[in-house]
Amino acid sequence: MNKTTSRKVSALITLLIAPSLALAGCSNSGDKPTSGDKPTASSSATAGGCIKSGSFDKNKDYFPDKAEFSDAKGLTVSYHKSYKVVTIKNPSNTSTKAIKYVLVQCGAPQPKLDGDLAGAQKITIPATRIALGSTTEPMKYQMMNKLDAVVGMASVDSVGDPKTREALKERKVADFGVGDGTTEVNTEKLIALRPDLFIISGHYDPSKFAKVQEMGIPVVAEPSFLENTPLGRAEWLKYDALFVNAEKVANEKYADIAKKYHETTQLTAKVKTRPSVLYGYQFKGVWYIKSNENYSIQFLRDAGGDYVFNDVHGVSSSKLDTEKVLKRAHDADFWIDGQINESEKASIPAILKDDPRMKNLKAVGTGNVWNGVLRDDPKHGNDYWQTGVVRPDLVLADLSAILHPELNPNHEFTFYKKAPAK
């Protein structure tokens, strides 16, 4: 079968499954399932967790465990007995218009909403068939013991943590990625999975997945990358919990992570000296320097370091020429994550071969060059960008041990590796 014929067959399958998608939903007193102005698919409508037919109590609180956000600033949630209202303040770095989702407990009648909620996307929960658009997401579901709810993702093979990757394969989680699997999605494969929900991490562009939404599949944003603190990013674990009614375990997991994170900051707050740090990388002759408000730089501050470019501000990284960086960072005590995206170059000889001018950096001369590549697997992915997102306590423990080894001389590194001298 050639590719053209294959696409036609896939399209035919999509048309055949469309009716079942549109008709799926909770059977609750004849209420129509809605997603804005269109029906919302919910293949988990009869799954466990639904309110039994005829037993809905309008006075009962169906969500005894509730999430509250303290470190994450990009979202809010309010509870209304049988439904939740989630507000995403900035769905992407190019959109400042807030979006709202109404999450309705399966078996409950559709709530009567007005104002800006009248046209909000409505999603039946708990979702039991979830499609993920990012390799950072599976770790959250594993932490909540909800990995069985994941039926597909953009690139299973790009998951860096071997245990999580194998767990996904054992569950036969489908792969709907295209090419490298991290940026493009095969919408036909995604639709054929009949998920209850598709979560997009990173840049949110609704028009890109209009066909998916037309089939009644809710598409939601997950812009945790916009948070400017490590704990703020990690607390989005609770956001994912909202869709599977796992607030209790998410609250507990996050509280433990935050506790460990603050235990480290309490130690680094007492240090007498704060070493200077160059944080950034060079690509094709251009240096990319993080703004002082970036979560990565908050890591450095919390680890007891001083960022060399603390006067660089903005949402995205700034581009600087090499000479300017060398002049400014010449005496920096440490260089961190200069080769994090190119682990094969994460050694002093490789750094100097790539650009001999780097010998002018004090950190290169003293060997104080570190990268988060200890859990990088060239065949799959770097777990720093995955588990490291949901476990900032482990990242901070590594960084504090790098900048202040006297605080924990027996520290075992999770993500960071010192650049070999040879």
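Modeller: Residues are numbered from 1 along each chain as its sequence is written. The model is predicted, so local features need pLDDT of at least 70, side-chain atom pairs count only at pLDDT 80 or more, totals for chains, interfaces and linings use all residues, and side-chain values use heavy atoms, without hydrogens and water.

Biologist: At what angle do H7 and H8 pack?

Modeller: Helices are DSSP runs (H or I, at least four residues), numbered from the N terminus. Axes are lines fitted to C-alpha atoms over the stretch in contact, and angles run from 0 to 180 degrees between N-to-C directions. H7 (residues 237-244) and H8 (residues 247-268) pack at about 165 degrees, with axes 8 Å apart. That makes H7 roughly antiparallel (over 145 degrees) to H8.

Biologist: Which residues of H7 and H8 meet?

Modeller: Contact means heavy atoms within 4.5 Å. Leu-237, Lys-238, Ala-241 and Leu-242 of H7 meet Glu-247, Ala-250, Asn-251, Lys-253 and Tyr-254 of H8.

Biologist: What about H8 and H14: at what angle do they pack?

Modeller: H8 and H14 (residues 392-403) pack at about 20 degrees, with axes 8 Å apart. That makes H8 roughly parallel (under 35 degrees) to H14.

Biologist: Which residues make the contact of H8 and H14?

Modeller: H8 gives Ile-257, Lys-260, Tyr-261, Thr-264, Thr-265 and Thr-268. H14 gives Pro-392, Asp-393, Leu-396 and Ser-400.

Notes. Helix = DSSP H or I, 4+ residues; strand = E, 2+ residues; numbered from the N terminus. Parallel < 35°, antiparallel > 145°, perpendicular 65-115°, else oblique.
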